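Subject: Structure handover

Hello,

Here is the structure for you to look at.

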Amino acid sequence: MRKVFLAMTMLGKVMTTKYISDDYDLGDARFDFPLSYIAKKNIKENDQVVFVTALGDGEVEKQNYEKFKDEIVAISKLKNVEPQFVKVDAGSEFDSLTFNLFFRKIFDLLQEDDRIYMDITFGMKPYTLSMFIAMAFAAKVSENIHVEEVVYSQKYTGAGADGVSTSKLYDLSSIFYLNSIGGNLQTGKRKDAEQLLDFLIGKSEG
């Protein structure tokens, strides 16, 4: 079993921020990248861990990737693991074929029995969506692949962090599993689906 961490690279310059969360206990850790918090929480001693990161040719992206690797290496030393880093070329020609090929690259990297953790915060949205769908596709057609966590960070400034510019970390894993439930429903069974959502979530307002 591997623990696989998926992410796009941050496109812009890294800005110092304070991560906060209602979904996660972040403790005293201070990282620049959301996935580092997820890695610290989930990596156990002697785990096999793989970090699959997509990035383009931009210098800022490359610098951000190296900073992210530094955080993961530091975490891994504390956990007594040897992380594997896999870079996926995001390409430079932006058309439907680019994103389809990117989907295939991500899918091919996922294996039976993987446990997957994904950060959907950064990168061009077509790439993020393509990565998410590749993960969902792999989980659907493979034996014993589990999507453990999907995390997103929204940066904002306001109360709740002593007036410091903050980034709030959200656990969106339930969205993935709601989509998975939908994939098992039959066409023409909308009423059944509505009743299921009423049970799981409650009725929407308005």
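F137 counts as partly exposed, because its relative accessibility is 41%, between the 20% and 50% cut-offs. Keep in mind that this is a predicted model.

Aromatic contacts

F137 pairs edge-to-face with F107, at 5.2 Å centre to centre and 70° between the planes. That pair links helix α3 (residues 96-109), which holds F107, to helix α4 (residues 125-141), which holds F137; the two are 30 residues apart.

The whole structure has 11 aromatic pairs. Another of them is F5 with F51, stacked at 4.7 Å centre to centre and 10° between the planes. F5 is in strand β1 and F51 in strand β3 (residues 49-55), so this pair ties together parts 46 residues apart in sequence. Both F5 and F51 are buried.

F5 and F51 also belong to one aromatic cluster with F33, F68, F85 and Y117. The charged end of K69 sits over the F85 ring, 5.2 Å from its centre.

The largest cavity holds about 80 Å³. Its lining includes F33, F68, D119 and F122. β1 (3-8) and α2 (59-79) each give two or more residues to that lining. By type, the lining has 7 nonpolar, 3 polar and 1 charged.

The second largest pocket has a volume of about 170 Å³. Among its lining residues are M10, K13, D32, F122 and K155. Strand β6 (residues 146-157) supplies the largest share, 3 residues. This lining splits into 4 nonpolar, 5 polar and 3 charged.

Best wishes

How values were computed:
Residues numbered from 1 in each chain as written. Predicted model: local features only at pLDDT ≥ 70, side-chain atom pairs only at ≥ 80, totals over all residues. Heavy atoms only, no water. 1 Å grid on protein atoms, 1.4 Å probe; cavity = no way out; pocket = protein on both sides within 12 Å on 5 of 7 lines; lining within 4 Å. Points joined across faces, edges and corners; volume = space filled by probe spheres on them. Helix = DSSP H or I, 4+ residues; strand = E, 2+ residues; numbered from the N terminus. Nonpolar A, V, L, I, M, F, W, Y, C, P; charged D, E, K, R; others polar. Phe/Tyr/Trp six-rings, centres within 6.5 Å; stacked < 30°, edge-to-face > 60°. Buried < 20%, exposed > 50% of the residue type's maximum accessible area, 1.4 Å probe, protein only. Lys NZ or Arg CZ within 6 Å of the ring centre and 35° of its normal.
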